[in-house]
Amino acid sequence: MQLSQKEKMLLEDLKSHEQMFAQKCSEFANQAQDPQLKQLFQNMVQHEQRHVQKIDQSLSQASGTSGQSQGMTGQKDSMLCHDMLSTEKYLSGAYNTVIFEIQDTSLRQDLNSIQSEKQRQGEEIFRYMQNKGMYQVH
């Protein structure tokens, strides 16, 4: 697969965001008090690592190289959830932009699949927040 310089730059940027998000997921998993939330964040770490690998693989193929309740506890978990949901929204939007600028159909499909997973993960966080009274839809 051939990638333009812009496509490579966009993918490197996505990779960097994914790596930061994976680190954030890991840190938040360690900070979360609710076991259900802790597990949700731990699962997200695995998803993020797969996303980084998929982007790395695409970059490698293109370049021919190999890559790679509301107490104090509730308030902390609420902050973690709001941060994670905001990050998922941002990353989903970033994927949307990149998808429109990638020429290779197969790579576009891979990125679209990752974006769909981001939306599912965001929905999981959203539903968790709704169920715990952290996010009110009016």
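Colleague: Start with Cys81. Does it count as buried or exposed?

Modeller: Cys81 counts as buried, because its relative accessibility is 0%. Buried means under 20% relative accessible area, exposed over 50%, and partly exposed in between, with a 1.4 Å probe and protein chains only. Keep in mind that this is a predicted model, where local features need pLDDT of at least 70, side-chain atom pairs count only at pLDDT 80 or more, and totals for chains, interfaces and linings use all residues. Residues are numbered from 1 along each chain as its sequence is written, and side-chain values use heavy atoms, with hydrogens and water left out.

Colleague: Switching to helices. How do α1 and α2 run relative to each other?

Modeller: Roughly antiparallel, because of the angle between α1 and α2. Their axes come within 8 Å and cross at roughly 160°. Angles under 35 degrees count as roughly parallel, over 145 as roughly antiparallel, 65 to 115 as roughly perpendicular and the rest as oblique. Helices here are DSSP runs (H or I, at least four residues), numbered from the N terminus. Axes are lines fitted to C-alpha atoms over the stretch in contact, with angles from 0 to 180 degrees between N-to-C directions.

Colleague: Which residues make the contact between α1 and α4?

Modeller: First, the geometry: the axes of α1 (residues 5-31) and α4 (residues 105-131) come within 14 Å and cross at roughly 30°. So α1 and α4 are roughly parallel. On the α1 side, the contact is made by Leu11, Leu14, Glu18 and Phe21. From α4 come Leu107, Leu111, Ile114, Lys118 and Gln121. Contact means heavy atoms within 4.5 Å.

Colleague: Last one. Where is Ser92 found?

Modeller: In helix α3, residues 72-101. Ser92 counts as buried because its relative accessibility is 12%.

Colleague: What is Ser92 in contact with, leaving aside neighbours within four places in sequence?

Modeller: Gln115, Lys118 and Gln119. As for Gln130, Ser92 is 38 residues from it in sequence and 20 Å from it in space, C-alpha to C-alpha.

Notes:
Helix = DSSP H or I, 4+ residues; strand = E, 2+ residues; numbered from the N terminus.
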